Amino acid sequence: MYPDNFYSSTFTLLADAEVGKHFYWNIAGNLVHGQVLVVIWLVVAILLVFSILGTSNADRIPHGWQNFMESVLDFITDIARNQLGESFYREWIPFIGTLFLFIFGSNWAGAVIPWKLIELPQGEFAAPTNDINTTVALALLTSFTYFYAGLSKKGLGYFKRYVQPIPLLLPINILEDFTKPLSLSFRLFGNVLADELTITVLTGLVPLVIPLPIMLLGIFAGSVQALIFSTLAAAYIAEALE
Amino acid sequence: MDSIISAASVIAAGLSIGLAAIGPGIGQGNAAGQAVEGIARQPEAENKIRGTLLLSLAFMEALTIYGLVVALALLFANPFNT
């Protein structure tokens with residue numbers, strides 16, 4: 001889709017973003033996007049190592065790495081508590097925390113690690129969240145979770161909220177269940193991809209120094225998007241619970 | 001790809017991101033202005049205001065991002081490109 005002279009310089013080559021090209025793996029007849037899976041495994045491994053380092057030989061008085069991980073947990077607990085309220089938040093910390101840490105890890109893995117140095121036959125390594133399949137999976141997971149939260153708390157009475165203010169709003173309330181995952185997934189996907197495309201375009205124009213602030217902005221936006229995704233997930237669960 | 005379809009897609013992609021930027025631009029300007037006003041009036045609340053502002057700015061930005069997603073779909077995954 002790009003014109004041919006877009007790949008003119010080496011710097012551009014190091015920063016080109018390929019949209020819609022994937023490194024396909026054929027697993028049992030299903031085509032999967034290999035580059036996304038590899039980075040996801042890396043992110044999961046990093047998160048696992050971090051948490052194992054933080055919890056192995058845990059001390060009553062935390063220091064070093066344990067201290068850091070506890071402050072991370074505090075941060076996540078605050079997200080859950082602010083949205084869900086004092087009485088319900090405790091059991092949802094694992095879900096919200098997983099969402100936050102995974103998205104944060106993926107965004108930063110895409111922004112911080114110089115993936116373009118590794119060449120693939122097709123496609124390229126990048127943040128897993130710049131593939132719409134990843135974000136849709138996360139968003140659908142959120143949808144199922146808030147349904148589960150509502151149904152397990154209120155049983156079938158949960159569906160009463162569809163006719164809640166007046167029955168006239170029924171179609172809009174049903175529509176909302178579809179727009180929630182749609183907006184969640186598009187927001188994350190678009191933001192991550194927009195960062196990478198901005199860097200690509202800027203690197204194509206001015207290869208040195210100028211893209212740096214945008215890269216920093218990308219790192220910042222990655223963390224804000226993770227915060228927003230987990231906050232919204234918590235808010236949707238809270239909405240189903242109340 | 002048919003050249004008419006390419007031309008129309010490129011124009012539509014430009015329009016979709018440009019038009020989608022108008023509303024959020026106004027909204028983000030309003031929000032940031034109000035936040036500055038709030039901080040000037042009550043400097044001790046700065047941290048809380050900043051957090052809320054960043055969160056709501058990101059929500060507004062999402063609207064432009066939807067435009068961007070449409071533009072990207074037109075450029076890279078055009079459904080009419082037979």
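Me: Where does A:Asn82 lie?
Reply: In helix H3 of chain A. Keep in mind that this is a predicted model.

Me: How exposed is A:Asn82?
Reply: A:Asn82 has 13 other C-beta atoms within 10 Å, so it counts as partly exposed. The buried class needs 20 or more, and the exposed class 12 or fewer.

Me: How far is A:Asn82 from A:Thr231 in sequence and in space?
Reply: They are 149 residues apart in sequence. From C-alpha to C-alpha, the separation is 8.8 Å.

Me: What about H3(A) and H7(A), how do their axes cross?
Reply: At roughly 35°, and the axes come within 8 Å. The crossing is right-handed.

Me: Which residues make that contact?
Reply: H3(A) brings A:Ile79, A:Ala80, A:Gln83 and A:Leu84. From H7(A) come A:Ser230, A:Thr231, A:Ala234, A:Ala235, A:Ile237 and A:Ala238.

Me: And by class, what does the contact of H3(A) with H7(A) have?
Reply: There are 7 nonpolar and 3 polar residues, and no charged ones.

Me: Switching to the other chain. At what angle do H7(A) and H2(B) pack?
Reply: About 85°, with the axes 10 Å apart.

Me: Zoom out to the two chains. How many residues does the contact take from each?
Reply: 15 residues from chain A and 12 residues from chain B.

Me: What classes are on the side of chain B that touches chain A?
Reply: That side has 12 nonpolar residues, with no polar and no charged ones.

Me: Back inside chain A. How do H5(A) and H6(A) cross?
Reply: Their axes cross at roughly 145° and come within 8 Å. H5 is residues 132-154 and H6 is residues 170-205. H5(A) passes H6(A) in a right-handed crossing.

Me: Who meets whom there?
Reply: On the H5(A) side, A:Ile132, A:Thr135, A:Val136, A:Ala139, A:Leu140, A:Thr142 and A:Ser143. They meet A:Asp177, A:Lys180, A:Pro181, A:Leu184, A:Ser185, A:Leu188 and A:Phe189 in H6(A).

Me: How do the residues of the H5(A) and H6(A) contact divide?
Reply: Into 8 nonpolar, 4 polar and 2 charged.

Me: Now the loops. Where does A:Val209 lie?
Reply: In the loop between H6 and H7 of chain A. A:Val209 has a positive phi of about 65°, although it is not a glycine.

Me: Is A:Val209 buried or exposed?
Reply: Exposed, because A:Val209 has 7 C-beta neighbours inside 10 Å.

Me: What about A:Gly64, which loop is that in?
Reply: The one between helix H2 (34-55) and helix H3 (65-84) of chain A. With 10 C-beta neighbours inside 10 Å, A:Gly64 counts as exposed.

Me: How far is A:Gly64 from A:Gly54?
Reply: Their C-alpha atoms are separated by 8.7 Å. Along the chain they are 10 residues apart.

Me: On to the strands. In what sense do S1 and S2 of chain A pair?
Reply: Antiparallel, over 4 bridges. S1 takes in residues 24-27 and S2 residues 30-33. A:Asn26 stands opposite A:Leu31, and A:Ile27 opposite A:Asn30.

Me: What's in the turn?
Reply: S1(A) and S2(A) form a hairpin with 2 residues between them. A:Ala28 in the turn has a positive phi of about 50°.

Me: What does the secondary structure of chain A come to overall?
Reply: 7 helices and 2 strands. Along the sequence the pattern is α-β-β-α-α-α-α-α-α.

Me: How much of chain A is buried?
Reply: Buried residues make up 29% of its 242 residues.

Me: And what does the C-alpha trace of chain A span?
Reply: About 60 × 55 × 40 Å along its principal axes.

Me: Last one: what share of the contacts in chain A join residues at least 24 apart?
Reply: 68%, among contacts between residues at least 6 apart in sequence.

Conventions: Residues numbered from 1 in each chain as written. Chains lettered and ligands numbered in written order. Predicted model: local features only at pLDDT ≥ 70, side-chain atom pairs only at ≥ 80, totals over all residues. Contact = placed C-beta atoms within 7 Å. Nonpolar A, V, L, I, M, F, W, Y, C, P; charged D, E, K, R; others polar. Pairing = 2+ DSSP bridges. Axes fitted to C-alpha atoms, helices over the stretch in contact; angles between N-to-C directions. Left-handed = near helix turned anticlockwise from the far one by under 90°.
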